[in-house]
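Colleague: Please take me through this model one feature at a time. For each, I would like the general idea and then the case at hand.

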Amino acid sequence: MTNDRPWLPYALILPSVAFLALLFVVPLVQTVWLALSENGAPSLANIRTMAGDINFARSVQNTFLLALAVIPVQIAIALAMGTLVSKIGAGRETILWIWTIPLGISDLAAGMVWLAILQNTGYLNSLLFGLGLIERQTAWLTYQTPIALFIGIAIAEIWRGTAIVMVIIVAGLNQVPKEFREAAEVFGAGPWTRFWRITLPLIRPALQSALILRTVLAFEVFAVVYALGGRNFPVLVGEAYTWQNQNQNYGVAAAYAVLIMVISLAATLVYLKVVKVDPERLP
């Protein structure tokens with residue numbers, strides 16, 4: 001059918017290509033040019049200003065530390081949750097629905113939920129005081145308690161973002177043939193051996209996708225951090241927001257955006273190399 005009209009496939013994908021060009025490629029090019037120019041001429045002034053920002057080093061450090069602390073925990077929890085769900089018969093859909101509730105909550109709303117728990121007059125202090133474990137209100141989210149602030153933000157991010165990882169992992173687990181596990185059981189393989197030798201290799205495509213998506217989102221974290229820590233815990237997106245809205249310097253804000261994009265692309269390339277997927281296993 002397409003032999004008579006070789007242009008038809010190109011015509012069919014033209015709307016999607018035009019959509020991506022207008023809403024992705026054009027803004028991307030504009031952002032990169034804004035970051036690498038000054039007064040309409042190529043310049044590295046915005047990059048130098050960004051690198052000299054007093055919060056630049058801290059924002060890079062905090063963003064990476066948060067990603068390193070959150071992503072492995074989320075992957076481990078998602079694998080455990082997905083494995084449990086795969087073994088459940090009745091009520092499986094209900095459990096999945098409950099576990100994916102955080103997906104329906106915005107980042108800022110999730111931050112406000114945990115702010116209500118962790119602030120001075122929050123539920124955590126009320127509980128600890130009621131149990132007699134503390135004598136007065138404890139500040140968890142101030143610049144004087146950086147470790148507690150980091151842990152609080154990490155817990156909030158784990159609670160908010162684990163659901164999307166679990167959904168991807170569950171989709172991957174559903175693609176694992178039952179015959180493989182049954183054959184391993186016949187030959188005497190234990191649960192850990194079946195998971196490590198059969199399940200984990202077969203869900204590499206899902207695991208790779210989950211790692212890439214969650215890492216990109218981790219480097220874009222902002223609303224939860226802003227709700228809980230504000231300027232006490234600077235991150236890259238937060239600095240971009242500050243330079244654009246408070247300092248009214250769109251060039252430096254664009255430089256932060258380009259840096260986040262470069263880091264995300266680098267992390268994606270690392271995952272594509274490290275978590276290798278056989279083409280035959282791709283859906």
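## Reading contacts, burial and helix packing

Modeller: Leaving aside neighbours within four places in sequence, Arg160 is in contact with Pro102, Asp107, Ala110, Arg214 and Val224, where contact means heavy atoms within 4.5 Å. This is a predicted model, in which local features need pLDDT of at least 70 and side-chain atom pairs count only at pLDDT 80 or more, while totals for chains, interfaces and linings use all residues. Residues are numbered from 1 along each chain as its sequence is written, and side-chain values use heavy atoms, with hydrogens and water left out.

Colleague: Where is the place of Arg160, and is Arg160 buried or exposed?

Modeller: Arg160 is in helix H7, residues 146-173; helices (H or I, at least four residues) and strands (E, at least two) are DSSP runs numbered from the N terminus. Arg160 is buried because its relative accessible area is 13%; buried means under 20%, exposed over 50% and partly exposed in between, with a 1.4 Å probe and protein chains only. The side chains of Arg160 and Asp107 are joined by a polar contact of 2.8 Å. Such a contact is a pair of N or O atoms within 3.5 Å; within protein, one must be able to donate a hydrogen and the other to accept it, and residues adjacent in sequence count only if both atoms are side-chain atoms.

Colleague: How is the packing of two helices described?

Modeller: One gives the angle between their axes and the distance between the axes. The axes of H12 (residues 236-246) and H13 (residues 250-274) come within 7 Å and cross at roughly 160°. H12 and H13 are therefore roughly antiparallel to each other. Residues of H12 that meet H13 include Leu236, Val237 and Trp243, and their partners in H13 include Tyr250, Tyr256 and Ile263.

Colleague: Which residues of H3 and H10 meet, and at what angle do the axes cross?

Modeller: The axes of H3 (residues 56-86) and H10 come within 10 Å and cross at roughly 150°. Among the residues that meet are Phe64, Val70 and Ile75 in H3, and Leu207, Leu211, Arg214 and Phe219 in H10. Arg214 is also one of the contacts of Arg160.

Colleague: What is the phi of Gln248?

Modeller: Most residues other than glycine have a negative phi. For Gln248, phi is near 55°, a positive value in a residue other than glycine. Gln248 sits in the loop between H12 and H13, and counts as partly exposed because its relative accessibility is 47%.

Colleague: How many helices and strands does the protein chain have?

Modeller: The secondary structure comes to 13 helices and 2 strands. Of the 283 residues, 38% count as buried. Among contacts between residues at least 6 apart in sequence, 70% join residues at least 24 apart. Taken along the principal axes, the C-alpha atoms fill a box of roughly 75 × 65 × 30 Å.

Definitions and conventions
Axes fitted to C-alpha atoms, helices over the stretch in contact; angles between N-to-C directions. Parallel < 35°, antiparallel > 145°, perpendicular 65-115°, else oblique.
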